[in-house]
Structure formats: C-alpha cells, structure tokens
Amino acid sequence: FRPHAGAEYPDNNAVVASLAVQAGRIPPYLPVRASAIHECHEVGGDSAWIAFRIGAGEVDKLVARMGRLRPEIARELRVRAPGVPWWPADLRGFLAPAVRSGRWEFYETGRGRIRGRLRERLALDRAASSAFIWCESP
C-alpha cells in the first residue's frame, strides 16, 4: 500500500471552495446537495475512495448517465478498501456478499481509463441515502 491522504467536507459548497474537483480528487458529477463528503486517495497513485450522503431526489439524476452493473458482474469485483472508518465493511474485498444482500446497487460511472484497467465505480445504498465511489489502480 502507498500512503493515503484525504479530506472531509460538510457539503458540496466546501468541495467547490477547496478546489478538490479541479485537483481531480472529487468527481465533477457530485450532486449539488451532497453532504458528509469524505475523500481518501493514494499519495502518488491513482486509487481513490469517496463517500457522501445523497438526497432521495438526487439519486436517479446521479445514476442516469451511469451503467448499472449486472449482479453476475458486480459479485466478481474486488475492492481494496482504504482502511478508513467511513468505508463500509460490505465494500471490502469481493462484493459477492454485498450483491447477495440486495442492499446495494453498483454502477460504472463512465470515468476512468477503461483499457488501462482503471475504472471508477459507484455503490449506492438507497435506504441509507449513501453513495460510495472507488477507483483503483491495478
């Protein structure tokens, strides 16, 4: 593992003020009313993890341009968790148990180097109004 750095933001206004989007640490599609935003990234690497709360009215807009992953694809994914308390246990290691739980929806965000095997993905827990994004280098 490489060393990690990160930040916490109360809302998207704080993200915008910090220039985290321009620095590439927070994706530009974060909902305007996102809150409780956490970001962690590898220092000198491409891997990153982001968590945020999302209002029920913003969920469908957020995922409208993303590709939902079929369960048979999602259960084969493995997430190397960042080792921070805000990253859920369900999203550590292979995702098969999370897929079986029925609690999570998984999406390809459409960002990232697909051929370079670096992809950005999103896990959505609608009941908890929470979203988690990860992008890991191979």
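This is a predicted model: local features need pLDDT of at least 70, side-chain atom pairs count only at pLDDT 80 or more; totals for chains, interfaces and linings use all residues.

Visitor: How far apart are N and O in the salt bridge of Arg-68 and Glu-105?

Guide: They are 4.0 Å apart, N to O. The pair links distant parts of the chain, with Arg-68 in strand β4 and Glu-105 in strand β7, 37 residues apart.

Visitor: And is Arg-68 buried or exposed? What about Glu-105?

Guide: Arg-68 is exposed at 51% relative accessible area, while Glu-105 counts as buried at 12%.

Visitor: How many salt bridges does the count come to?

Guide: The count comes to 9 salt bridges. Among them, Arg-103 pairs with Asp-90 at 3.2 Å and with Asp-125 at 2.5 Å.

Visitor: Where does Asp-125 lie, and where is Arg-103?

Guide: Asp-125 is in strand β8 and Arg-103 is in the loop between α4 and β7, so their bridge ties together parts that are 22 residues apart in sequence. Asp-125 is buried, at 3% relative accessible area, whereas Arg-103 is partly exposed at 43%.

Visitor: Switching to cysteines: how many disulfides are there?

Guide: The structure holds 0 disulfides. For Cys-40, the nearest cysteine sulfur is that of Cys-135, 13 Å away.

Visitor: Is Cys-40 buried or exposed? And Cys-135?

Guide: Cys-40 counts as buried at 5% relative accessibility, and Cys-135 counts as buried at 10%.

How values were computed: Residues are numbered from 1 along each chain as its sequence is written. Side-chain values use heavy atoms; hydrogens and water are left out. A disulfide is a pair of cysteine sulfur atoms within 2.5 Å. Buried means under 20% relative accessible area, exposed over 50%, partly exposed in between (1.4 Å probe, protein chains only). A salt bridge is a side-chain nitrogen of Lys or Arg within 4 Å of a carboxyl oxygen of Asp or Glu. Helices (H or I, at least four residues) and strands (E, at least two) are DSSP runs, numbered from the N terminus.
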